Structure formats: structure tokens, C-alpha cells
Amino acid sequence: MNFTEAIELNIDKLVGTLKDEDELEEVLKKKFTKKEFKVFIAFAEGKTIDEVKTIVNDDEERINEIYKTACKKLNQEKIKKELVFFK
């Protein structure tokens with residue numbers, strides 16, 4: 001699982017350099033709910049919606065809502081600051 005790539009694909013405006021993989025994982029686990037984390041990781045790994053359904057035991061509409069919420073959280077300035085090194 002490449003957290004750097006997944007975050008770069010879902011973040012609108014990134015200022016600074018992302019931290020290393022372990023630190024990114026810790027920040028995401030801390031800021032996302034368990035379900036948001038699972039859904040975000042599943043989509044980042046390229047799983048189909050049916051595979052994600054079995055992972056989180058939810059319907060497609062709810063999974064899409066969870067993913068959108070996770071992406072919105074990623075784009076909050078407060079969380080962005082925890083994901084990057086500042087120069």
C-alpha cells in the first residue's frame with residue numbers, strides 16, 4: 001500500500017513534501033474513522049466496489065459517502081499540515 005500515491009491523488013492542493021509512509025499511515029488512522037480508513041485504503045489498492053462491500057459490510061451508496069467524507073477530511077488544512085514537512 002502506497003499512502004503517498006493515494007494521498008496525492010485525492011488531495012487538491014498540497015504545499016510541502018509528504019512525510020514517510022509510516023507517519024502518513026499513523027496520521028490517517030488517527031484522523032479517519034475505522035471505516036473511512038478501510039474504504040480509503042481499499043479504493044487506493046484498486047479494489048472493486050463489490051470487494052469493498054464485503055470488507056466493510058455496507059451498501060454501495062454508503063461506501064461512496066464514506067469515501068467522499070475521507071477525501072474531504074484529507075483536504076482540510078488542519079490535516080494537511082500533519083501530513084507534510086514544512087520547509
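Modeller: Asp58 and Lys35 form a salt bridge, with their closest N and O atoms 2.8 Å apart. The term covers a side-chain nitrogen of Lys or Arg within 4 Å of a carboxyl oxygen of Asp or Glu. This pair links distant parts of the chain, 23 residues apart: Asp58 sits in the loop between helix 4 (49-56) and helix 5 (60-74), and Lys35 in helix 3. Helices here are DSSP runs of H or I with at least four residues, numbered from the N terminus, while strands would be runs of E with at least two. Asp58 has 21% relative accessibility and so counts as partly exposed; Lys35, at 33%, also counts as partly exposed. Buried stands for under 20% relative accessible area, exposed for over 50%, and partly exposed for what lies in between (1.4 Å probe, protein chains only).

The model is predicted: local features need pLDDT of at least 70 and side-chain atom pairs count only at pLDDT 80 or more, whereas totals for chains, interfaces and linings use all residues. Residues are numbered from 1 along each chain as its sequence is written, and side-chain values use heavy atoms, leaving out hydrogens and water.

By the rule above, the count is nine salt bridges. One of them joins Glu65 to Arg62 at 3.6 Å, N to O. Both residues belong to helix 5 and are three residues apart, about one turn of the helix. Glu65 is partly exposed at 39% relative accessible area, and Arg62 is partly exposed at 38%.

Lys80 and Glu77 meet in a salt bridge at 3.3 Å, N to O. They are three residues apart in helix 6 (residues 77-83), so about one helical turn separates them. Lys80 is buried, its relative accessible area being 9%. Elsewhere, Lys30, Lys31 and Glu82 are linked in a network of salt bridges.

The axes of helix 1 (residues 3-10) and helix 3 (residues 34-44) come within 10 Å and cross at roughly 95°. Axes are lines fitted to C-alpha atoms, for helices over the stretch in contact, with angles running from 0 to 180 degrees between N-to-C directions. The two helices, helix 1 and helix 3, are therefore roughly perpendicular to each other; that class spans 65 to 115 degrees, with under 35 roughly parallel, over 145 roughly antiparallel and the rest oblique. Phe3, Ala6, Ile7 and Asn10 of helix 1 make the contact with Phe37, Phe40, Ile41 and Ala44 of helix 3, where contact means heavy atoms within 4.5 Å.
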